[in-house]
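Subject: Structure handover, aromatic rings

Hello,

Please find the structure below. My notes on its aromatic rings follow.

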Amino acid sequence: IDSVVLTPKHSGKRTEKVQAFVIHHMTAKWTGKRCAEYFRDTPSRQASANYCIGYDGDVALNVEEENRAWTSSNYYNDCQAITIEVANETCAPNWTISTKAWNALVNLCVDICKRYRFRLNYTGNANGSLTEHRMFASTSCPGPFLHDNMNQLAKEVNARLDGQTVAPTQPSA
């Protein structure tokens with residue numbers, strides 16, 4: 001974690017064991033710290049995330065892991081999921097992310113999976129341990145780039161959990 005920018009925008013302690021992720025995209029080319037500051041400092045924006053990952057790969061803690069962030073528009077899901085906002089490198093229509101942001105996302109997921117003892121399972125719906133904002137709300141978040149690379153994310157994280165050396169990658173656009 002490169003910075004801690006905590007927001008009071010959360011629902012307090014989780015009521016469920018951490019066993020999933022919800023991935024989002026910022027729709028902005030920001031640092032993780034800038035995204036966390038935006039969540040903290042914009043009263044009209046009733047949103048937060050456990051972590052914000054910048055285009056440059058920096059990671060900011062925005063809501064402590066033991067607390068439920070206001071992220072996926074689904075109370076139960078947010079109680080069991082670590083929520084991660086990832087900065088974009090390009091805007092519409094593809095909303096790509098940088099190699100540095102991708103590698104920070106993989107590293108963060110590996111760390112959290114190890115600590116909470118679960119693996120990534122992307123099912124394409126809300127039943128997996130790797131989910132997307134679009135599965136819980138009427139939105140296109142996390143955009144086509146991250147959506148198209150969810151299986152790759154699960155593959156890389158699980159390979160690292162299995163002790164395999166996985167070279168940093170840039171998923172395909």
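Is F39 buried or exposed? F39 is buried, with a relative accessible area of 3%; buried means under 20% relative accessible area, exposed over 50% and partly exposed in between, with a 1.4 Å probe and protein chains only.

Before the rest, some notes on the source. This is a predicted model, in which local features need pLDDT of at least 70 and side-chain atom pairs count only at pLDDT 80 or more, while totals for chains, interfaces and linings use all residues. Residues are numbered from 1 along each chain as its sequence is written, and side-chain values use heavy atoms, with hydrogens and water left out.

A search of the whole structure gives 3 aromatic pairs. Rings of Phe, Tyr and Trp (its six-membered ring) pair if their centres lie within 6.5 Å; planes under 30 degrees apart count as stacked, over 60 as edge-to-face and the rest as tilted.

F21 and F118 have ring centres 5.5 Å apart and planes at 45°, so this pair is tilted. F21 is in strand β3 (residues 20-25) and F118 in the loop between α3 (99-116) and β8 (130-132), so the pair ties together parts 97 residues apart in sequence. Helices (H or I, at least four residues) and strands (E, at least two) are DSSP runs, numbered from the N terminus. Both F21 and F118 are buried.

Y38 and F39 form a tilted pair, because their ring centres are 6.1 Å apart and their planes are at 50°. Y38 is partly exposed, with a relative accessible area of 26%. Ring pairs link W30, Y38 and F39 into a cluster.

Regards
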